[in-house]
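Keep the sequence and the 3D view open as you read.

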Amino acid sequence: MTRAVLSIGANLGDRYAHLKGAVEGLGESVVLVSGVYETPPWGDTAQPAYLNAVLLAVDPAADARAWLEKARNLEAGAGRVRDPGRRFGPRTLDVDVIAVWADDGDPVISDDPELTLPHPRVHERAFVLKPWLDIQPYAQLPGHGWVTDLLNLPALAADANAMTPRPDLTLESGG
Ligand SMILES: Nc1ncnc2c1ncn2[C@@H]1O[C@H](COP(=O)(O)OP(=O)(O)OP(=O)(O)O)[C@@H](O)[C@H]1O
Ligand SMILES: Nc1nc2c(c(=O)[nH]1)N=C(CO)CN2
């Protein structure tokens, strides 16, 4: 399994530095990086705004579980502390594995709570779908269809409208 779409988000500390650290940490596996967006907090609104971006990464040696390990290591490296009482609470860095595709192009499907694929809430999250569409205009979310159709649903369109592009904050791929 070699291809993954990853979402990165930060709303504590130096948010931009945390996103840059995640891209740098993934090194040469990163092939596409979206623009950075300032996004209102989703799911738990009493917290600061996030910076969000989406990456496409390729690693011939990585299976789906390896992408999760990379994500956890990056979060730990950014000093993320989990608050068990606050499911969608603030964080220095969140790295989610959105979807993974195997060598033959088939999506990896998993209902394992440790690694659910595709990510079980991504179809409700404009802060992931909009940057994903930036880097893959014909993206399809396995089980949910075209990302562009999802973003046209009224609730998601409203959330996407509330996102602010931050062209002053750039992320570079390729290590
Ligand atoms: N696709 C996935 N990507 C990342 N983590 C996942 C995925 N599926 C299941 N998990 C599990 O979810 C656990 C909690 O992850 P995390 O604390 O990042 O959740 P969260 O960011 O608060 O919420 P969300 O997953 O909705 O963004 C992780 O330890 C991980 O094992
Ligand atoms: N805008 C935005 N909201 C969130 C984010 C995120 O990355 N961006 N991550 C969360 C963790 O589950 C909860 N809410």
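Start with β1 and β5, which run antiparallel and are joined by 7 bridges. Strands here are DSSP runs marked E of at least two residues, helices are runs marked H or I of at least four, and both are numbered from the N terminus. Two strands count as paired if DSSP finds at least two bridges between them. One pair to look for is G9, which stands opposite D94 in β5.

Before going on, a word about what you are looking at: this is a predicted model, where local features need pLDDT of at least 70 and side-chain atom pairs count only at pLDDT 80 or more, while totals for chains, interfaces and linings use all residues. Residues are numbered from 1 along each chain as its sequence is written, and chains are lettered from A and ligands numbered from 1 in the order in which they are written. The pLDDT is the predictor's confidence in each residue, from 0 to 100; its mean for the protein is 95, and 98% of the residues reach 70 or more. For the complex, the predictor gives an ipTM of 0.97 and a pTM of 0.97.

Back to β1. It also runs antiparallel to β4, with 8 bridges joining the two, and here V5 stands opposite L56. Is β1 buried or exposed? In β1, 8 of the 8 residues are buried, so the strand is largely enclosed by the rest of the structure. R3, V5, S7 and G9 point one way, A4, L6, I8 and A10 point the other way, and all are buried.

What about the core? A nonpolar core is a set of buried Ala, Val, Leu, Ile, Met, Phe, Trp, Tyr and Cys residues joined through C-beta atoms within 7 Å. The largest one has 43 residues, and V5, L6 and V97 are among those with the most contacts inside it. The largest share of this core, 7 residues, comes from β4. Contact means C-beta atoms, placed from the backbone, within 7 Å; leaving aside neighbours within four places in sequence, V5 is in contact with V54, L56, I98, A99 and W132.

Finally, the ligands. A residue is near a molecule if its C-beta atom, placed from the backbone, lies within 6 Å of it. Ligand 2 is surrounded by residues including G9, W42, D94 and F127. Of the 14 residues around ligand 1, D96, V97, E114, T116 and H119 come nearest.

Note on methods: Buried ≥ 20, exposed ≤ 12 C-beta atoms within 10 Å, placed from the backbone. Contact = placed C-beta atoms within 7 Å.
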